[in-house]
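My plan is to look things up one by one and jot down what turns up.

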Amino acid sequence: MLCRKKRTPLQRRVHKICAVILVTAILFLIYFEVAVKAQLSDIIVRDMQTVAEEAVTMAVDEYLSDHFEIGEKLCDIAYDSGRVAAVTLNPSYVNAVKTAVTASAQEQIDALSHARGVSARLGSFTGLVMLMNVGPEVRFPVDSTQTVSCEFESSFESGGVNQTVHHVTMTVYVDLLIYSPFRVADTVSASSTFEIAQTVIVGAVPSYSGVVTY
């Protein structure tokens, strides 16, 4: 009859230590998956929204600085016998602005996200709220696929006696699908609105109430 070899006290101690380490590791992984990843995902969303907004602002500022005549080219004013007959936006120029700004914004988002990445305080990896902003910063790279779109709005307001102010605003929308060590399931969205043209029109403008979207 075969007898099971009796473990020495040292072996039993080693087995207990290994079992404790294994259970601790499993519990830590569960805690990290449930609590820590959720908090780090929130940090990633917040930082990437900031990156998107900064990138869009840089793209729009760069375009406006290079195209200071945008107000003249964007707005078409038709006259009839010296009176204002219609005020519209030039569709071909609107499309050109959309194409340039969206392409530049995508490039800026890629550049900023790769150069800066996402940072979190070391305390954030504990999953404890009180330690969220404690400890040195830990940076990790983030890649994303972004969709950028633009929407123009044309509106009018009274500018005084026999004057109308024509405002053109552009809203840039960004949708980010984020790839990082910590999964972000939902698409991250951000939007920024800029007034890119303002024209003072002398004379009555027919039917200028409301906002027109392009």
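Before anything else, I needed to know what gets called a helix: here it is a DSSP run of H or I that is at least four residues long, and numbering starts from the N terminus. With that settled, I looked up I70 and found it in helix α2. I also noted that this is a predicted model.

**Entry: I70**

Is I70 buried or exposed? I checked, and I70 counts as buried because its relative accessible area is 4%, while the cut-off for buried is under 20%.

Which residues does I70 touch, leaving aside its neighbours within four places in sequence? I got Y63, L64, Y93, V97 and I196.

**Entry: the overall layout**

I stepped back to the protein chain and counted 3 helices and 8 strands. Read from the N terminus, the order is α-α-β-β-α-β-β-β-β-β-β. The chain has 214 residues, and 36% of them count as buried.

**Entry: the cores**

The largest nonpolar core has 38 residues, and L74, F152, M170 and V172 touch the most other members. Where does this core draw at least two residues from each element? My list reads α1 (9-66), α2 (70-74), α3 (91-116), β5 (143-160), β6 (163-179) and β7 (188-202). The biggest giver is α1, with 11 residues. I found a second, separate core too, made of 5 residues, including C75, V84, F156 and I201.

**Entry: cysteines**

How many disulfides does a search of the whole structure find? It came back with 0. C75 is buried, as its relative accessible area is 10%. C18 counts as partly exposed because its relative accessibility is 46%.

**Entry: β5 and β6**

Last, I followed a strand pair. β5 and β6 run antiparallel and are joined by 17 bridges. I traced one of these: E151 has T171 in β6 as its bridge partner. The two strands form a hairpin with 2 residues between them. In that turn I noted N162, which has a positive phi of about 60°.

Definitions and conventions:
Residues numbered from 1 in each chain as written. Predicted model: local features only at pLDDT ≥ 70, side-chain atom pairs only at ≥ 80, totals over all residues. Heavy atoms only, no water. Buried < 20%, exposed > 50% of the residue type's maximum accessible area, 1.4 Å probe, protein only. Core = buried A, V, L, I, M, F, W, Y, C linked by side-chain atoms within 4.5 Å. Disulfide = S-S within 2.5 Å. Pairing = 2+ DSSP bridges. Contact = heavy atoms within 4.5 Å.
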